[in-house]
Amino acid sequence: MLSVELHTHSSLSYDGRDPVDLILEQAAAVGLDAIAITDHDEIDASLEAARRASEYDLLGIPGIEISSKAGHILGLGVEQAVPPGLSYGETLEAIRSQGGIAVVPHPFQESRHGVMARITREDLAEADAIEVYNSRLLTGRANRQAERFAESHDLPMTAGSDAHISEMVGQAVTRVDTDRRTVDAILEGISEGKTSVEGKRTPWHISFRQAAGGVTRRVRKGLGTLFQ
């Protein structure tokens, strides 16, 4: 069994804080086997992490969190950024065209760009896997909805910390049942549903701090663009 973190953000995300090296250090410190940095519509930090992960005795899975028209979708195993603004179906196709897998994070939390505000349950069932445990959900209700949906549709399940600061990396872990310690084996194991999930909720004050920091960075970025 490999312990994998599938949903994290670096400073390349508008609401992320930390560089790749701090994220990899934390992943190694908490005993993970593999990690995917999944920045919002950016992939450079994830590709850097994939290149450097072996320095920390980790596997680096290239990935991205894509802002589709329906909401957020994780593309794992892709090495080129999938453009934002595509439809739900087009985004799934773009991920798969690169040999990646499409995982839908926090699908039932509409306030955080969950896709269920804009697609049908039949559409959601077309995903390769569903994130059924996200550490940043306050009540856990949306996690339970996602888990019930995945179970009823026999869909693979994943977990993710959705960490926007390095200290939270590893809060939620996907255990992948494979004897091979490779990225391909992990993606194959997820696709085949050979997973189990575990995690704990991000403390509310840290979630608040992450959100507040994201707003501040977004404002600064907007002001910087304004005065260019």
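Student: Happy to start! Which conventions apply here?
Tutor: In this predicted model, local features need pLDDT of at least 70 and side-chain atom pairs count only at pLDDT 80 or more, while totals for chains, interfaces and linings use all residues. Residues are numbered from 1 along each chain as its sequence is written, and side-chain values use heavy atoms, leaving out hydrogens and water.

Student: How many helices and strands are in the protein chain?
Tutor: Helices (H or I, at least four residues) and strands (E, at least two) are DSSP runs, numbered from the N terminus. By that rule, the protein chain has seven helices and ten strands.

Student: How many salt bridges does a search of the whole structure find?
Tutor: Side chains of opposite charge can pair when their charged atoms come close. A salt bridge here is a side-chain nitrogen of Lys or Arg within 4 Å of a carboxyl oxygen of Asp or Glu. With that cut-off, the search finds ten.

Student: How many residues apart are Asp33 and Arg181?
Tutor: Their side chains meet in a salt bridge at 4.0 Å, N to O. This pair links distant parts of the chain: Asp33 sits in the loop between helix H1 (20-29) and strand E2 (34-37), and Arg181 in the loop between strand E9 (172-176) and helix H6 (183-191). The two are 148 residues apart.

Student: Which strands does the salt bridge between Arg175 and Glu198 tie together?
Tutor: The closest N and O atoms of this pair are 2.7 Å apart. Arg175 is partly exposed, with a relative accessible area of 23%, and Glu198 is partly exposed too, at 40%. Arg175 and Glu198 are 23 residues apart in sequence, so the pair ties together parts in strands E9 and E10 (residues 195-199).

Conventions. Buried < 20%, exposed > 50% of the residue type's maximum accessible area, 1.4 Å probe, protein only.
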